[in-house]
Amino acid sequence: MSAALAFEWTKLRTLRSTWWCLAVAAMLQVAYAVLVGLDARLDLEGSGGSSTLPVGDAGLLSIQFAQYALIAAALLAITGEYSTGTIGVTLRAVPLRGRMLAAKAAVVAGGAALTGVVLMLVAAVAAGLAAGTPAVWGIGDLLVDCATGAGYAAALAVFTLGLGTAARSAVGGLTAVLVIAVVLPTVLPRIGLDVVADVNDYLPGSAGVAVLYGAVSDAATDQPYGPAIGLLVLAAWAAAALGTGYAVLRRRDA
C-alpha cells in the first residue's frame, strides 16, 4: 500500500493542473476573505458600534468559493488519466483496482485537507489585516475552524473523486457533482412536501452549509444539525460516491 500511496502522490504533485487549481483556490479564498474583512471595517466605521470579526469566520465563509477549484483538482486526479489514456499505465503499476483507488482517495483527501488548513490560515490573516480593529485573533477558535475546513475539504474531494471515477470524464463528473451538491439543494426546497425537505437536509450541499455556516461565531439557529453532524453526513456521501466509483472501476475495462 505504501508504494501505491507514493505512486499516487508523485502523480498528483507533478500534475500541472493540480497547481493551477490550487492557485485559483487561493486567489478566490483570499479575495473573498479580504471582502469580508473590509465589510467588517466599513461596518464599524459606519455605525461606530462594536462590530467584531473572528478571523476564522472569514476563512470558513470563503471556502464556499475556493471549493470549486478543489473540486476541479480532485476530478482531474482521476478523469485526467482517462482522457490521456494513462489509466492503463496506472493499473499495470497497481493491478489491484481497489488498492489503486484507495491510495488515490487517501492522497487526494490528505492533499485537500492540507490545502484546506493552509487556505484557512491565509484567508484568516488576509481578513484580519483587511478588517483592522474589528478582527478577533482567537487562536483556539481558529485552530478548530482550520480542522473543520480540513475535514470539509477532504470529504468534498473524496466525494468528487468517487463520482469522477464512476463517470470517467471531467464533464460527466462535474455535472454529477454540481447537480447533487448545488442544483438539488436549490430546487428541492421549492417543493412543499415535508419528506422532500427532510431528504434535502441530508444532501451534500445542505450538509456543507451546515458545516461552514454552522461553525461560524454567529451561526444561524435554523440549521437542521450542527457542523459535526454535517461532516459525518458529508463523509457518508464521500464513502458512497467512492464505493460507486469502485463498483464501476471493477466491472468495466479501463
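Visitor: Which element gives the largest share of the lining of the largest cavity?
Guide: In this predicted model, the lining of the largest cavity consists of Pro-54, Val-55, Gly-56, Val-136, Gly-138, Asp-141, Leu-142 and Asp-145. Two elements, helix H3 (55-84) and helix H6 (139-167), each give two or more residues to this lining. The largest share, three residues, comes from H6.

Visitor: How many charged residues does the lining of the largest cavity have?
Guide: Asp counts as charged, and Asp-141 and Asp-145 are among the lining residues. Four of the residues in that lining are nonpolar and two are polar. The number of charged residues is two.

Visitor: Which elements each supply at least two residues of the lining of the second largest cavity?
Guide: The second largest cavity is lined by Gln-29, Ile-63, Ala-66, Leu-70, Gly-116, Leu-119, Met-120, Gly-149 and Ala-153. Helix H5 spans 97-131, and the lining includes Gly-116, Leu-119 and Met-120. The elements that each supply at least two residues are H3, H5 and H6.

Visitor: How many charged residues are in the lining of the second largest cavity?
Guide: Gly counts as polar, and Gly-116 and Gly-149 belong to this lining. By class, the lining divides into six nonpolar and three polar residues. As for charged residues, there are none.

Visitor: What volume lies in the second largest cavity?
Guide: The count of cavities of 30 Å³ or more is two. The largest cavity holds about 50 Å³ of space. For the second largest cavity, the value is about 50 Å³.

Note on methods: Residues are numbered from 1 along each chain as its sequence is written. This is a predicted model: local features need pLDDT of at least 70, side-chain atom pairs count only at pLDDT 80 or more; totals for chains, interfaces and linings use all residues. Side-chain values use heavy atoms; hydrogens and water are left out. On a 1 Å grid over the protein atoms alone, a cavity is a set of points where a 1.4 Å probe fits but cannot get out, and a pocket is an open set with protein on both sides within 12 Å along at least five of seven lines; lining residues have an atom within 4 Å of a point. Grid points are joined across faces, edges and corners, and a volume is the space filled by probe spheres set on the points. Helices (H or I, at least four residues) and strands (E, at least two) are DSSP runs, numbered from the N terminus.
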